[in-house]
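Open the model in your viewer and keep the sequence panel beside it. The tour below goes from one selection to the next and says what is there.

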Amino acid sequence: INAEYGKDNTGESNLLEYAVRFFKRTNPALLPALKDMNLIEKVCAYSLSDIASEITALAAKTKEVGEIAKSFRGEPVGDQFEYVIKPFIFNALKKMEVLSNKANHVKEDFVDICLWFGYSKQSVSTKSISVLFGTINTFIKSLIRTWESIEDTEQKAILADKKTEAFKKIKNTTGAGSLASGDRRPTRGDKIGDGDSPFDELASRIKSGYINPREMWK
């Protein structure tokens, strides 16, 4: 995240901008892929410890219901609660065991991810999903924001270059448009704008027919 503040070896770009320009050259399809990673933000809302506690509590309550069911022993006569609840409890406890095993596997996978990102084994126990993936999510958003900013700057530079080239063509054009008989060439006093901007002169020449706008972009 601090890459937004550090500078590259040229001192002109921060490290995040340097990384974006590198990815734009080597893997331009990365930006759409980053935008598709919005699920990471949702992952941050989960807590492995909370999930494990909920599974444990649910299994305990399921066992408690099973013990209560045993006390009925078919009484009162004709009561079917015991016969209905027993298979339900049996199946539910099996599902709880499977769910608990999956939760343990997820925890192990999370530890592996933390180690892959360079966290020490001692510090992994203090890391949570929200901390790890929250950091990743913040970095991705910074990368997208910087990428879009650089693209916007580049597009503005391209547009500015086109305007400069267009103005050069105007300066180098003599008789590019046809004047009606008796018409005169525009002077600075004929400009639409009040300033000395080249675009005031451009607008005046187009208005007077001295310049054909379509010829400018050939």
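Predicted model: local features only at pLDDT ≥ 70, side-chain atom pairs only at ≥ 80, totals over all residues.

Start by selecting Val124, which is buried, with a relative accessible area of 9%. Here buried means under 20% relative accessible area, exposed means over 50%, and partly exposed is in between (1.4 Å probe, protein chains only). Val124 is found in helix α6.

Residues are numbered from 1 along each chain as its sequence is written, and side-chain values use heavy atoms, with hydrogens and water left out.

Stay in helix α6 (residues 121-124) and select Ser123. Is Ser123 buried or exposed? Ser123 has a relative accessible area of 17%, so it counts as buried. Its side chain reaches the backbone oxygen of Ser120 at 3.0 Å. This is a polar contact, that is, a pair of N or O atoms within 3.5 Å; within protein, one must be able to donate a hydrogen and the other to accept it, and residues adjacent in sequence count only if both atoms are side-chain atoms.

Now zoom out and colour by secondary structure. The protein has 9 helices and 0 strands. Helices (H or I, at least four residues) and strands (E, at least two) are DSSP runs, numbered from the N terminus. Of the 218 residues, 24% count as buried.

Next, select helix α4 (residues 48-70) and helix α5 (residues 81-116), which pack at an angle of about 160° with their axes 9 Å apart. That angle makes α4 roughly antiparallel to α5. Axes are lines fitted to C-alpha atoms, for helices over the stretch in contact, and angles run from 0 to 180 degrees between N-to-C directions. Angles under 35 degrees count as roughly parallel, over 145 as roughly antiparallel, 65 to 115 as roughly perpendicular and the rest as oblique. The residues of the contact of α4 with α5 divide into 16 nonpolar, 3 polar and 3 charged. In this division Ala, Val, Leu, Ile, Met, Phe, Trp, Tyr, Cys and Pro are nonpolar, Asp, Glu, Lys and Arg are charged, and the others, Gly among them, are polar.

Within helix α7 (residues 129-172), pick Ser149. At 42% relative accessibility, Ser149 is partly exposed. The side chain of Ser142 makes a polar contact with the side chain of Arg145 (3.3 Å).

Finish with the aromatic rings. How many aromatic pairs does a search of the whole structure find? The search finds 2. In one of them, the rings of Trp116 and Phe117 have centres 4.9 Å apart and planes at 85°, so the pair is edge-to-face. Rings of Phe, Tyr and Trp (its six-membered ring) pair if their centres lie within 6.5 Å; planes under 30 degrees apart count as stacked, over 60 as edge-to-face and the rest as tilted. Trp116 is exposed at 69% relative accessibility, and Phe117 is partly exposed at 43%.
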